[in-house]
Amino acid sequence: MKGMLEFLEKAGLVKNDIPAPPPEPPVAEPLSTTLGQEALHAGPALSPLPGNAPDLESIYANSGIAPSIYPAERLLRLLDGLSAMDEATRLMAIKAMDEADESWSIQDPLSDAAAKLVVLATHTEQLQNNLQILQDQTQSRMNAITARADQAVGDIRKQIAELEALATREQTRAVKESTAEQSNLKAAQDQTARELSDINALRQRLQGLATQFQNPPPSSTKD
């Protein structure tokens, strides 16, 4: 294995840098082959994301995860550097580095990865819950806005209907009153016309009397 490590170092594929030991070494746990395979094949999702990615270090620290002697992200970067190798050779190279450096073991990044997976799962669930709460609150406010608008529009339409009915009643009453006024005027016109006709007839008769008696006809003389 040491020869494999030296070969990888000479080829420039790996750099056997020894990390500084932490104040208190972590408690070693039994190495699980299955867990090891899963951690070694874990994608770069454990690495910090660019852009608006969350502050993972703060999330880990706030969750009580102590700095690891060999962080999982470091193992991921090493695997990226060995990506040109086939899987068997890549695992042999990792094993060679593990055996050549007593300051860390493969369990260190695997335990770090397992702890961070739990924290990230919890944080993911919290983000989803927060988003769901925001969605529910937003939907509730939108429903209230719609209900308020529907109520206002309903009240306005009701008022419009009442005003239109009032306008129709006023128009009908105006027509009736105008018709009555026209009828009264017609009756007055007819009455006045009859009275004027009677007066004119009487005036003609009276005028006739004056004419008849003011200018009597000449009397006839007897021979």
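Four salt bridges are counted in this structure, a salt bridge being a side-chain nitrogen of Lys or Arg within 4 Å of a carboxyl oxygen of Asp or Glu. The model is predicted, so local features need pLDDT of at least 70 and side-chain atom pairs count only at pLDDT 80 or more, while totals for chains, interfaces and linings use all residues. Residues are numbered from 1 along each chain as its sequence is written, and side-chain values use heavy atoms, with hydrogens and water left out.

**Whole chain**

Start with the protein chain in a cartoon view. Its secondary structure consists of six helices and zero strands; helices (H or I, at least four residues) and strands (E, at least two) are DSSP runs, numbered from the N terminus. The order of elements from the N terminus is α-α-α-α-α-α. Colour by accessibility next: of the 223 residues, 19% are buried. Buried means under 20% relative accessible area, exposed means over 50%, and partly exposed lies in between (1.4 Å probe, protein chains only). Among contacts with a separation of 6 or more, 79% join residues 24 or more positions apart, where contact means heavy atoms within 4.5 Å.

**Helix 4 and helix 5**

Select residues 72–81 for helix 4 and residues 87–100 for helix 5. Their axes come within 10 Å and cross at roughly 130°. Axes are lines fitted to C-alpha atoms, for helices over the stretch in contact, and angles run from 0 to 180 degrees between N-to-C directions. The two helices are therefore oblique to each other; angles under 35 degrees count as roughly parallel, over 145 as roughly antiparallel, 65 to 115 as roughly perpendicular and the rest as oblique. The crossing of helix 4 with helix 5 is right-handed, that is, the near helix is turned clockwise from the far one by less than a right angle.

Now show side chains at the contact. Leu75, Leu78 and Leu79 in helix 4 meet Arg90, Ile94 and Met97 in helix 5. By class, this contact has five nonpolar, no polar and one charged residues. Ala, Val, Leu, Ile, Met, Phe, Trp, Tyr, Cys and Pro count as nonpolar, Asp, Glu, Lys and Arg as charged, and the others, Gly among them, as polar.

Keep helix 4 selected. Seven of its ten residues are buried, and the helix is mostly covered. The buried residues are Ala72, Glu73, Arg74, Leu75, Leu76, Leu78 and Leu79.

**Salt bridges**

Select Glu73 again, together with Asp112 and Lys116: a network of salt bridges links these residues. Within it, the side chains of lysine 116 and aspartate 112 pair at 2.8 Å, N to O. Both lysine 116 and aspartate 112 are buried. They lie four residues apart in helix 6 (residues 107–214), separated by about one helical turn.

Move along helix 6 to glutamate 170 and arginine 173, which are three residues apart, about one helical turn. Their side chains meet in a salt bridge of 2.7 Å, N to O. Glutamate 170 is partly exposed, at 36% relative accessible area, and arginine 173 is partly exposed at 45%.

Finish at lysine 186 and aspartate 190, four residues apart in helix 6 and again separated by about one helical turn. The closest N and O atoms of this salt bridge are 2.9 Å apart. Lysine 186 is partly exposed, with a relative accessible area of 45%; for aspartate 190, also partly exposed, the value is 31%.
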